Amino acid sequence: GGIYTVIRSKAPVTVHEFGERYTLIGPLFYKTAAAEVEPEEVTNPFMKEILEEMSRQGIRWMYGRWLIEGAPQVLLLDTASISSRLDGWKADIWKVAGIPSPPNDQETNDAILFGYLVAWFLGDFVARETSKAVIAHFHEWLAGIGISLLRKRHTDLTTIFTTHATLLGRYLCASSVDFYNNIQNFVVDEEAGKRGIYHRYCIERAAAHCSNVFTTVSQITAYEAEHLLQRKPDGVLPNGLNAVKFSAMHEFQNLHARNKDKIHNFVRGHFYGHFDFDLDNTLYFFTAGRYEFRNKGVDMFIESLARLNGRLKACNSPMTVVAFIIMPAATQSFAVEALKGQAVTKQLKETVKDITEKIGQRIFEKAARYTGGGDIVSAMMEQNELLTNEDRVLLKRRVIALKRGGWPPIVTHNMVDDSADPILNAIRNVRLLNGPDDRVKVIFHPEFMSSNNPLIGLDYEDFVRGCHLGVFPSYYEPWGYTPAECTVMGVPSITTNLSGFGGFMEEILETSSDYGIYVVDRRMKSADESINQLADHMLQFCQKSRRQRINQRNRTERLSDLLDWKIMGMEYVRARKLALHRAYPDSFVGSEIDNYRKVKIPKPLSAPGSPRIKGSGISDEEITEGMHNLGFRIPGQTDDEDDEYPFPIAIRRSSDPKRDLLSEGD
């Protein structure tokens, strides 16, 4: 999930900042902890003393190193070992914070147990550690009980609470209400009660109000939290990535070509018998994520694909779009038809390979027998000698096996409830049935990508690299890691201004589409207008030449450094400084927190047009691509991949005007 990705990917920069003074605290699950944590002896004397006392009280725990980059220290607490105190702690949290807790909500029960264990540990720790300040950063409502307890007990530390998405916001958006236009009118207690999450909402709201610093992950979520949790966030902590993990430097274009070939192989098999389109003129679009039909914008994606299909037909475009929907759903097995398609095309490929080798061997044998006398033509094979009768029969059998009765399937698996599946019903409603006349083909893969998959056989990262465009028209997306991951891999993407990532890109880029980040307006436009805008973006992408797509991928990949935690993590540093200022104001007399003025990244330097040759029957594009393939550089034209262009990120204004610093990325 997204929060797991945030904490895991942020660990290296936080460890670099704090070293051994940084410890992660979480619940203990023995099955996963055994593979992910290397146990160690507790070296901090205060921590060791507290944990020994907790052990005497019957609490089980694990301390060690999380086996990820940075190897941070982790303390995992077993909530099940203290479940006998649950009823007493439930009564206490009602008494001190007014938070109710129904008996049958196991997730809330675990949150209460974990919150009390964390408050216990931190309270005892700061009572012993009096020489240093302690900052406790809590993520999401499941960790929120601890904040309320620490505030009520006046524990001597400072707290930060980050909500990555509000509980009520996610529920409201999933119920097809006009969320953002009516957010000021919701009676939040009533809405939470209707959905049976009032107790969880109380935990989340109490954490927001009791923390010293309250933050969210994006401006759109800050707007949401201000109305639903009734406290304006103190700042935004955007989610970053470990860009080095995805970095392929100049190799990323080659990775795209290699992985695209593997997707080609799947498409040949999936559309066998109806494989009548040119793969050189085929583009691969995809959307992926949790199966949230409306929140993830799948409804809009499918409708816009139908409109794109009509527009491509109307303009007689030679392009074909294969759109993948990658979302896990309840399935029984792989579809027989999908497996058969891969099998028959694999057999055909192996047969052609065998026949080709035999033809080569026969040509070699005949040429090798040439003795030098007579006509050299006698050493050459005639065309009718290349294929033997046996080869022809075998090849015909393989080709006949490609015949199929119906159209290629939409879904690659047998669904548990095919007739009630929202995605399949939406596809049927817009008549995107992979017919021979359709310029847009749709494939629903209800399972996350894996290299062990017998159909596509690619991990998610490799699959993304092989595609041309990621489409994520989410209605509710507090941040959006999927388009961010596309960006660091050099894959253009479409997002919305209701996603945190889309809003962030509009904030830092003057014209985001020039960098391969298309932002659909879902906030100020009607649904129909937004669908048309999304279809327009996809049509414009289809009209790009191959060279233009290559240049755009270069520009997109160049943004990856902006999303790295080395830059994004600075907002976490500022949040910690603010938390210390608020908890210990006397220690910061005369000092102020630095202010930042953001500067947008301008449009990329555009390349002049190719020179025109009048009177020739050859198109400019053919000349350009031919000269490029031969290694020539066209006068007056530059390749984006060779440009060195600095990205001004932010101007930092300190209290001393002589120390103003312009920060740039290379």
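1. Confidence first. This is a predicted model, and its mean pLDDT over the chain is 88. Of its residues, 89% reach 70 or more.

2. Two stretches call for caution. Across residues 607–616, pLDDT stays under 50. For that stretch the model has nine contacts beyond four places in sequence. Residues 630–666 also stay under 50 in pLDDT. Here the model has 78 contacts beyond four places in sequence.

3. Now the sheet. Six strands form an open sheet with parallel pairing. Their order is β13-β10-β9-β14-β15-β16. The edges are β13, residues 440–445, and β16, residues 517–520. Each edge strand pairs on one side only. On average, neighbouring strands are turned by 25° against each other, with direction ignored.

4. Strand β9 covers residues 282–288, and strand β10 covers residues 320–326. Seven bridges link β9 and β10 in the parallel sense. Threonine 287 stands opposite isoleucine 325 of β10.

5. Two helices lie across this sheet. Helix α14, residues 298–314, lies across β9, β10, β13 and β14. Strand β14 spans 469–471. The helix runs at about 170° to β10. Helix α22, residues 527–542, lies across β9, β10, β14, β15 and β16. Strand β15 spans 493–496. The angle between α22 and β16 is about 160°.

6. Aspartate 438 deserves a look. Where does aspartate 438 lie? It sits in the loop between α18 (422–429) and β13. Its relative accessibility is 9%, so aspartate 438 counts as buried, the cut-off being under 20%. Its side chain makes a polar contact of 3.2 Å with the side chain of asparagine 309. Leaving aside neighbours within four places in sequence, aspartate 438 is in contact with Asn309, Lys313, Arg431 and Leu433.

How values were computed:
Residues are numbered from 1 along each chain as its sequence is written. This is a predicted model: local features need pLDDT of at least 70, side-chain atom pairs count only at pLDDT 80 or more; totals for chains, interfaces and linings use all residues. Side-chain values use heavy atoms; hydrogens and water are left out. Two strands pair if DSSP finds at least two bridges between them. Helices (H or I, at least four residues) and strands (E, at least two) are DSSP runs, numbered from the N terminus. Axes are lines fitted to C-alpha atoms, for helices over the stretch in contact, and angles run from 0 to 180 degrees between N-to-C directions. Contact means heavy atoms within 4.5 Å. pLDDT is the predictor's confidence in each residue, from 0 to 100. Buried means under 20% relative accessible area, exposed over 50%, partly exposed in between (1.4 Å probe, protein chains only). A polar contact is a pair of N or O atoms within 3.5 Å; within protein, one must be able to donate a hydrogen and the other to accept it, and residues adjacent in sequence count only if both atoms are side-chain atoms.
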